[in-house]
Amino acid sequence: MSSLIAENRRARFEYHIEEQYEAGVVLTGWEIKAIRAGQVQLTDGYVVIRDGELQLIGCRINALRSASTHVTPEADRTKKLLMHKEEIRRLIGKVEQKGFTLVPLNLHYKGGRVKAEIALAKGKAQHDKRNTEKQRDWEREKGRLMRHKVSSKA
């Protein structure tokens, strides 16, 4: 059973999602407390590969006012992502060769731990974004028409 903490809704608009992976996130105590309080933002986040390790950059966790005095909270700290070595090697190959990028889709709880869902994605061109927007508007309008049609019969 996993429950959603934060979602990067822009990622699905900006990128074509090819493959999705789940990775563990290395966090400190104050970050966990802040996440439980809902003080997390994933919108500007992205994933890079440094020295064979995945790093989550741009995931903002705002410290609570009750954070300990002997800890200096850093909201935009780079967080290490945990995955199997073979999966990381495979991702490195795809990112370097085929022009893919890694984006975080969401943060969620799984078995009491915070996990990040990351995706292997390709950037959309401007016309693709317009098509996505048109499709979304049409679905909204279609729902509106259906509701109006159903309510007018009653």
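Colleague: Is Glu22 buried, partly exposed or exposed?

Modeller: Please bear in mind that this is a predicted model. Buried means under 20% relative accessible area and exposed means over 50%. Glu22 has a relative accessibility of 34%, so Glu22 counts as partly exposed.

Colleague: With which residue does the side chain of Glu22 meet in a salt bridge?

Modeller: A salt bridge requires a side-chain nitrogen of Lys or Arg within 4 Å of a carboxyl oxygen of Asp or Glu. Glu22 meets Lys110, at 3.0 Å from N to O. This pair links distant parts of the chain, for Glu22 lies in strand S2 (residues 15-25) and Lys110 in strand S8 (residues 101-110), 88 residues apart. Lys110 is partly exposed, at 41% relative accessibility.

Colleague: Which residue forms a salt bridge with Glu53?

Modeller: The partner of Glu53 is Lys80, and their closest N and O atoms are 3.3 Å apart. Here too distant parts of the chain are linked: Glu53 belongs to strand S5 (residues 53-57) and Lys80 to strand S7 (residues 79-82), 27 residues apart. Glu53 is partly exposed at 31%, and Lys80 is partly exposed at 33%.

Colleague: Where do Glu141 and Arg144 lie?

Modeller: Both are in helix H4 (residues 126-153), three residues apart, which is about one turn of the helix. Glu141 is partly exposed at 32%, as is Arg144 at 43%.

Colleague: How many salt bridges does the structure hold?

Modeller: The structure holds seven.

Methods:
Residues are numbered from 1 along each chain as its sequence is written. This is a predicted model: local features need pLDDT of at least 70, side-chain atom pairs count only at pLDDT 80 or more; totals for chains, interfaces and linings use all residues. Side-chain values use heavy atoms; hydrogens and water are left out. Helices (H or I, at least four residues) and strands (E, at least two) are DSSP runs, numbered from the N terminus. Buried means under 20% relative accessible area, exposed over 50%, partly exposed in between (1.4 Å probe, protein chains only).
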